[in-house]
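Subject: Structure for your review

Dear colleague,

Please find below the structure that I am handing over to you.

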Amino acid sequence: MEVGGGGSNGGLLYHEVQESKLCAVHCVNTVLQGPYFSEFDLAALASDLDSKERQMMLEGESVTEDFLRFDSEESHNVSMDGDFSIQVLQKALEVWDLQVIPLNCPVAEPAQVDPELENAFICHLQDHWFSIRKVNGEWYNFNSLYAAPEHLSRFYLSAYLDSLKGSGWSIFLVRGSFPKDCSISTSEASGFGQWLTPEDAQRITKSCITSQSGTHTTRAPTQPIASSYQPFREERSLSDMENDDLQAAIAASLMDSAPPAFTAENVDVIPPPAPVAVAASLVDSGPPAFTTENVNVVPPAAPAPAASATTVTTDVVPEDKGAK
């Protein structure tokens, strides 16, 4: 038996691709890593649970309206299209001495802090179930809507679980002694399971991403849809998204340290000078004509002030009359 997430099944990964609405069957089997249960096995467990619930309600002295309503309704543990309740999944895993614990319970608090220390999680929203499982020391997303299990890095495991919780998913922790080696072949069981090496799983995942990238647009992570679940990635692998996050962080850091870009919002625009009257004449090759509009007329200089009259005093020599 496998207590931890050590080696099992010769290093192979067991994955089941979605068949009808049997995602609960796929979820249980990928937790156990083998084709241990069929839809008929889970249906039998659901019927047994319905009988026990009906018997508990009949233990009273009188038949109540609640019992009549309960008895008139369809099964509370399996729907007509094959969807099962969490109680059915719990009963199936109890066969292997595994406990299913809501992640928001106090006993599961260590898993909330460090999910890497655990071995398996079950995720549920509306009518879809899938498991996240540690196999051979590595984490994988065994969503049956994927063609192959998708590797989850240790860094992304916690972020992925948080994103699922934020999108309304119910998450359950699975604890106990997990089966180590499965002796049941896929031909003996459901027929929609497959054994893959980690390398094969990675190759199939990349091939699907490449084939889909030309016809689909990338959706935001963890956006579940009522009719079909859109998981953490559709076209890109988680490792690619990790690289994108790192590049975005580096780009943001560079933008903070770089000088501001010159844009119309942060540059003082100096308006051009007002057009002069001779703009039209500049189109011609000849020089502009001299007009009163484009010639700066220099006013004549003011006349110089007249020189002031200077009185010259001369000594008048009297005529010498005796010299005649």
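The notes below set out what was found.

This is a predicted model, in which local features need pLDDT of at least 70 and side-chain atom pairs count only at pLDDT 80 or more, while totals for chains, interfaces and linings use all residues. Residues are numbered from 1 along each chain as its sequence is written, and side-chain values use heavy atoms, with hydrogens and water left out.

Overall composition

The protein has eight helices and eight strands; helices (H or I, at least four residues) and strands (E, at least two) are DSSP runs, numbered from the N terminus. Of the 324 residues in the protein, 34% are buried. Here buried means under 20% relative accessible area, exposed means over 50%, and partly exposed lies in between (1.4 Å probe, protein chains only). Among contacts (heavy atoms within 4.5 Å) with a separation of 6 or more, 67% join residues 24 or more positions apart.

Helix α1 (residues 23-32) is mostly covered, with 10 of its 10 residues buried. These are C23, A24, V25, H26, C27, V28, N29, T30, V31 and L32. Just after α1, Q33 takes a positive phi of about 60 degrees.

Helix α1 packs against helix α4 (residues 86-94) at an angle of about 30 degrees, with the axes 11 Å apart. The axes are lines fitted to C-alpha atoms, for helices over the stretch in contact, and angles run from 0 to 180 degrees between N-to-C directions. The two helices, α1 and α4, are therefore roughly parallel to each other (angles under 35 degrees count as roughly parallel, over 145 as roughly antiparallel, 65 to 115 as roughly perpendicular and the rest as oblique). On the α1 side the contact is made by A24, C27, V28, V31 and L32, and on the α4 side by L89, A92 and L93. The residues of this contact divide into eight nonpolar, no polar and no charged. In this division Ala, Val, Leu, Ile, Met, Phe, Trp, Tyr, Cys and Pro count as nonpolar, Asp, Glu, Lys and Arg as charged, and the others, Gly among them, as polar.

Within α4, the residues I86, V88, L89, A92 and L93 are buried. They cover an arc of only 160 degrees around the axis, which puts them on the same side of α4; the arc is that of the directions from the helix axis to the C-beta atoms.

Residues with positive phi

Most residues other than glycine have a negative phi. D97, which is not a glycine, has a positive phi near 60 degrees. D97 is placed in the loop between α4 and β2 (98-102) and is exposed, with a relative accessible area of 63%. Q126, likewise not a glycine, has a positive phi of about 55 degrees. Q126 lies in the loop between β3 (120-125) and β4 (128-135) and is partly exposed, at 46% relative accessible area.

F192 lies in the loop between β7 (170-176) and β8 (193-196) and is buried, with a relative accessible area of 16%. F192 and Q18 are 174 residues apart in sequence and 8.0 Å apart in space, C-alpha to C-alpha. Not counting residues up to four places away in sequence, F192 touches H15, E16, V17, E19, L22, H26 and E39; of these, H26 is one of the buried residues of α1.

E199 is found in helix α7 (residues 198-213) and counts as exposed at 55% relative accessibility. E199 and L12 are 187 residues apart in sequence and 9.8 Å apart in space, C-alpha to C-alpha.

Yours sincerely
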